[in-house]
Structures are given as C-alpha cells and as structure tokens.
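Here is a short briefing to read alongside the model. Take a look at the fold, and then we can walk through a few of its features together.

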Amino acid sequence: MSVIQQHTAASLSDAWRTINIDALDPDSSQNFDTSTLHPPLPEVSEAEVRQLNAQVRQLLRGGDAEGALRGCLESPVYNGSDSAKASHHSHGTDAHMQTVVEVLQSIKASEMTPMLQRIYGSEGGSELLDVLTKYLYKGMSGGSTSSSGPRTPTRNLTPQATGFSQIGSRPGVANESTGAAMSVLLSWHEKVVDVAGLGSIERCMTDWRKV
C-alpha cells in the first residue's frame, strides 16, 4: 500500500484552505484598529447639512451655478450622521448628494468645461475636482441620481365606477429620470478627466475620506 493510500479522506480534505492566514499575522489589519491610522473626521449634523444645502440652492436660484457648485465641493459631507446622510425620501439617499446632483443638472453642457477650468485654476482647485469625482462615483454607484424626488411606487390598476382604470403615473417615468441623471454624471466625469487628468480618479480611489 502506498503512502497516499494510507491517508484517510479526512486528512486529504481541503479544510486547510479555510484557515484565515491574516488572523495569524501580527502585522495584519485584523489585529489592530485601522481607524487609528488617520485622524477622525468631525461628524456633520443634520442641521448643518440642511443649512449647507439651503445656501447652495439659494445660490442656484440666484443664477450663480458656479458658486453653488463650489459650495458643494468646498464643504463635502464626509462624516454625516445617519439622520444627516439619509434624507426623508425612500432608498436612503444622501441629502447632500441630492443637492450636488441638482446643481450638476442645472449647468449647461457648454458651460461645464470652462467652469471646471476656472475651478481647477483657482487655489485648491485640484482638491475640489477630486471631491467632485467622489460625488460622481457615488451617484453612478447607485446613490441619489435623480433630483425629481422619491420614486413613485408602481400601483395596481384600480377599477372605477366610470369603467376606466385609474393609475398613479406613466410606467417608466422614474427609470427615464434616473437614466437622464446618469447621463449627466457621465458627462461631468468625462469633462473632469479632461481638465484634471486621470490623477483625479486615482486620488479618489485611494482617499480614505468617502462622501
């Protein structure tokens, strides 16, 4: 009988593959709190987010789209409380992300590149575009991508006495709005890369501060 035949089925199993090697490594991140590697960010309250969004919308109503965009980027919500991050709408959308999308959708395509160039050329402009890149990726990953408010749930047809059926809204309206917002985010992403280069993507991916 060979040596291999003398081993039982249990000894030849793949159980060793389930061993967590990182847990045995004293230098592994599992053995210490990684949050100690960077300073804690101050938590942003719901009232502060609401005040910031109000100021941004006031600039937007006044026709200062660039000022509104700068306001969003200069005061990113990195560590919002649960009540600050979750708006009153469904799907747990980010209240400040909603405001950022509204600002981006209000700017004409012909104004995007000149506006980004002015922001990039100003003091701290590179960091502002990095923040914008973070919001673009957050929106494209399924965050708040529609400024039209909460989506209307699909309703069943309700028979009426007149013989007609009453419905809540035209099917597909929410998908059309979300698709339009996604197109806007993709357009902004293209323009940001044209102005700031691929470095904005790399810095966004490696920055531990997430919006």
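In the protein chain of this predicted model, contacts with a separation of 6 or more come to 76% from residues 24 or more positions apart.

**Layout of the chain**
- The protein chain contains ten helices and two strands.
- Read from the N terminus, the order of the elements is α-α-α-α-α-α-α-α-β-β-α-α.

**Burial and surface**
- The protein chain has 211 residues, and 31% of them count as buried.

**Cysteines**
- C72 has 0% relative accessibility and so counts as buried, being under the 20% cut-off.
- C204 also falls under that 20% cut-off, with 7% relative accessibility, and therefore counts as buried.

**A nonpolar patch**
- I19, I21 and L24 together make a nonpolar surface patch of about 330 Å².
- Where is I19 found? I19 sits in the loop between α1 (3-6) and α2 (21-24).
- I19 counts as partly exposed because its relative accessibility is 47%, which lies between the 20% limit for buried and the 50% limit for exposed.

How values were computed:
Residues numbered from 1 in each chain as written. Predicted model: local features only at pLDDT ≥ 70, side-chain atom pairs only at ≥ 80, totals over all residues. Heavy atoms only, no water. Helix = DSSP H or I, 4+ residues; strand = E, 2+ residues; numbered from the N terminus. Buried < 20%, exposed > 50% of the residue type's maximum accessible area, 1.4 Å probe, protein only. Contact = heavy atoms within 4.5 Å. Patch = residues over 30% accessible without salt bridge, like charges linked within 9 Å, V, L, I, M, F, W, Y side chains within 5 Å. Areas by Shrake-Rupley, 256 points an atom, 1.4 Å probe, with all protein chains shown as cover. Salt bridge = Lys/Arg side-chain N within 4 Å of Asp/Glu carboxyl O.
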